[in-house]
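Q: Hi! I'm new to this one, could you walk me through it?
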Amino acid sequence: MTDEPDRDEVDALFASLDHPMAIVTTVLGAERSGCLVGFHVQCGIEPLRYAIWLSKANHTYRLGALAEVFVVHFPRSEHYGLGALFGATTGDEVDKFAQCSWHPGPHGVPVLDDLDDWFVGRRVALLDPDDDHVCIVLAPLAWARSGKTDWLQLSDVLDLDAGHEPTERPAAS
Ligand SMILES: Cc1cc2nc3c(=O)[nH]c(=O)nc-3n(C[C@H](O)[C@H](O)[C@H](O)COP(=O)(O)O)c2cc1C
């Protein structure tokens, strides 16, 4: 360890860990939103809990800060196109749900028809450390599982330019 840690080094370390990506969708009133998420993990056993982190720059955050229910989908490697739709375009500019197949799931939250692995989660906490992301803790209510595990990994989507960089100021409403 050096006295002056090299930020590039720790970025490379974290990126090298690699992990599956998620696509998170939610609904608030008549408005739908969703984005590609790398920051997500199981965070409780009894009771079962799962955490997602939403960037404050994202359209999905602005709905998600008030929404009660989310669907967390786990895309496989064949779903790069959906990853690009949800990770490289923003609901501030395009209607992502006009460009993919979906149906209203529990509580009206969009379930993406091409994805077989997902759960519906009810928000039980929102943790805001006053940084660029908020943590939303979910209690899984319902789920679907294909048994396939060739997940779309972080390393598969590092070429995507995020629709919103997390360093952007939240858009004025
Ligand atoms: C590799 C990668 C990882 C990402 N991880 C997250 C994440 O963990 N949380 C998040 O809120 N956004 C994440 N994003 C950014 C959003 O998916 C992206 O800005 C999206 O366009 C936002 O769409 P929205 O404005 O419609 O919500 C990631 C993007 C990429 C390309």
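Q: Which strand gives the largest share of the shell around the ligand?
A: That's β2, with four residues. Strands here are DSSP runs of E, at least two residues, and helices are runs of H or I, at least four, numbered from the N terminus. Keep in mind that this is a predicted model: local features need pLDDT of at least 70, side-chain atom pairs count only at pLDDT 80 or more, and totals for chains, interfaces and linings use all residues. Residues are numbered from 1 along each chain as its sequence is written.

Q: And how many residues surround the ligand?
A: There are 24, and Asn58, Thr60, Thr90, Gly91 and Gly163 are the closest. A residue is near a molecule if its C-beta atom, placed from the backbone, lies within 6 Å of it.

Q: Switching topic: what is the strand order in the open sheet?
A: The seven strands go β2-β1-β5-β8-β9-β4-β3, with antiparallel pairing. Strands pair if DSSP finds at least two bridges between them.

Q: Which strands stand at the edges?
A: β2 and β3 do, and each has a single partner strand, so one side of each is left without a neighbour in the sheet.

Q: What about α3, which of its residues are buried?
A: Leu82, Leu85, Phe86 and Gly87 are. Buried means 20 or more other C-beta atoms within 10 Å of the residue's own, with C-beta atoms placed from the backbone.

Notes
A residue is buried if 20 or more other C-beta atoms lie within 10 Å of its own, exposed if 12 or fewer, and partly exposed in between; C-beta atoms are placed from the backbone.
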